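Student: I would like to learn how to read a model like this one. Please take me through it feature by feature.

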Amino acid sequence: MRALKRSTSTAAILAALAGTAALATAAPASAASYHCTTSSYTVDDPSFNPESDNWDFDVKLCAKRSGGYIYTTAKVNWDGPYSAPKHRFNKARFHLQTKRNVKGTDPVVKYANYTGLERALEHSSSNGNGSYETGTLKHKAGSSRYLADGYIELDWSGDGKGYRKPLLFSASPAV
């Protein structure tokens, strides 16, 4: 009788362990992933005259839907002139927008200006390269589809013109 109890107990323990191991090795529920679009824009430094004075920007705009919210974010990469002096900008910012996707012009439902872009640009590598990531905007989602959109505004140092025409980039896919 004792052997039967011991084998039954052992079987119960092994079954419990097997169940726990199965739970531990099961793949976690997949988290929502960002849907992104990358686009480029080249701009000439109006106050700097060597042949290689352009700033080449690549912007990755991303949006995802998760837990009843829309999240939008952006990453900026650039290749600037290697010989550009520091303090090329009075101001620079990335304007990130969360938009509701509709027929016609998509209305902005949330936005933020990320002025940290200026510091990042002015602290580019010795080759003129660098990157900057915005924060993440969070917006309560309705049944509509949403997307990330955004642009860069630059105020070149010494030209007295303030922010120039925005550098526009392609919006993310709608989620």
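The dialogue below goes from overall layout to single contacts.

Tutor: This is a predicted model, so local features need pLDDT of at least 70 and side-chain atom pairs count only at pLDDT 80 or more, while totals for chains, interfaces and linings use all residues. Residues are numbered from 1 along each chain as its sequence is written, and side-chain values use heavy atoms, with hydrogens and water left out.

Student: How many helices and strands does the protein chain have?

Tutor: Elements are DSSP runs numbered from the N terminus: helices are H or I with at least four residues, strands are E with at least two. The protein chain has two helices and nine strands. Their order from the N terminus is α-β-β-β-β-β-α-β-β-β-β.

Student: What share of the residues of the protein chain counts as buried?

Tutor: Buried means under 20% relative accessible area, exposed means over 50%, and partly exposed is in between, using a 1.4 Å probe and protein chains only. Of the 175 residues, 34% count as buried. Strand E8 is mostly covered, with 11 of its 12 residues buried.

Student: Which residues touch the most other members of the largest nonpolar core?

Tutor: A nonpolar core is a set of buried Ala, Val, Leu, Ile, Met, Phe, Trp, Tyr and Cys residues joined through side-chain atoms within 4.5 Å. The largest one here has 30 residues. Phe57, Trp78, Phe94, Leu121, Ile152 and Leu154 touch the most other members. Two or more residues each come from strands E2 (54–66), E3 (69–79), E4 (89–101), E5 (108–114) and E8 (145–156), and from helix H2 (116–122).

Student: What is Leu121 in contact with, leaving aside its neighbours within four places in sequence?

Tutor: Contact means heavy atoms within 4.5 Å. With those neighbours set aside, Leu121 is in contact with Trp55, Phe57, Trp78, Phe89, Ala92 and Leu154. For the protein chain, take the contacts with a separation of 6 or more: residues 24 or more positions apart account for 68% of them.

Student: In what order do the four strands of the open sheet lie?

Tutor: Two strands pair if DSSP finds at least two bridges between them. Here the order is E5-E4-E8-E9, and the pairing is antiparallel. E5 and E9 (167–168) stand at the edges with a single partner strand each, so one side of each has no neighbour in the sheet.

Student: How many bridges join E4 to E5, and how many join E4 to E8?

Tutor: Six bridges join E4 to E5. Between E4 and E8 there are 12. E8 and E9 are joined by two. Now go down to residue level. Phe94 has Tyr114 in E5 as its bridge partner. Lys99 is opposite Leu147 in E8, and Ile152 is opposite Leu167 in E9.

Student: How do side chains sit in a strand?

Tutor: In a regular strand they alternate between the two faces of the sheet. As a case of a covered strand residue, take Leu61. Leu61 is in strand E2. Its relative accessible area is 0%, so Leu61 is buried. The C-alpha atoms of Leu61 and Tyr151 are 9.9 Å apart, although these residues are 90 residues apart along the chain.

Student: Which residues does the disulfide join?

Tutor: A disulfide is a pair of cysteine sulfur atoms within 2.5 Å. A search of the whole structure finds one. Cys36 is joined to Cys62, with S to S at 2.1 Å. The link is right-handed, with 115 degrees about the S-S bond. Cys36 lies in strand E1 (residues 35–44) and Cys62 in strand E2, so the pair ties together parts 26 residues apart in sequence.

Student: Are the two cysteines buried or partly exposed?

Tutor: Cys36 has 31% relative accessibility, so Cys36 counts as partly exposed. Cys62 has 6%, so Cys62 counts as buried.

Student: How many aromatic pairs are found?

Tutor: Rings of Phe, Tyr and Trp (its six-membered ring) pair if their centres lie within 6.5 Å; planes under 30 degrees apart count as stacked, over 60 as edge-to-face and the rest as tilted. The search finds five pairs. One of them is Tyr69 with Tyr71, tilted, at 6.5 Å centre to centre and 50 degrees between the planes. Tyr69 is partly exposed at 27%, while Tyr71 is buried at 19%. Trp55, Phe57, Phe89 and Trp156 form one aromatic cluster.

Student: Which residues lie over the faces of Tyr69 and Tyr71?

Tutor: A charge sits over a ring if NZ of Lys or CZ of Arg is within 6 Å of the ring centre and within 35 degrees of the ring normal. Lys138 lies over the face of Tyr69, at 4.3 Å from the ring centre. Lys64 lies over the face of Tyr71, at 5.6 Å.
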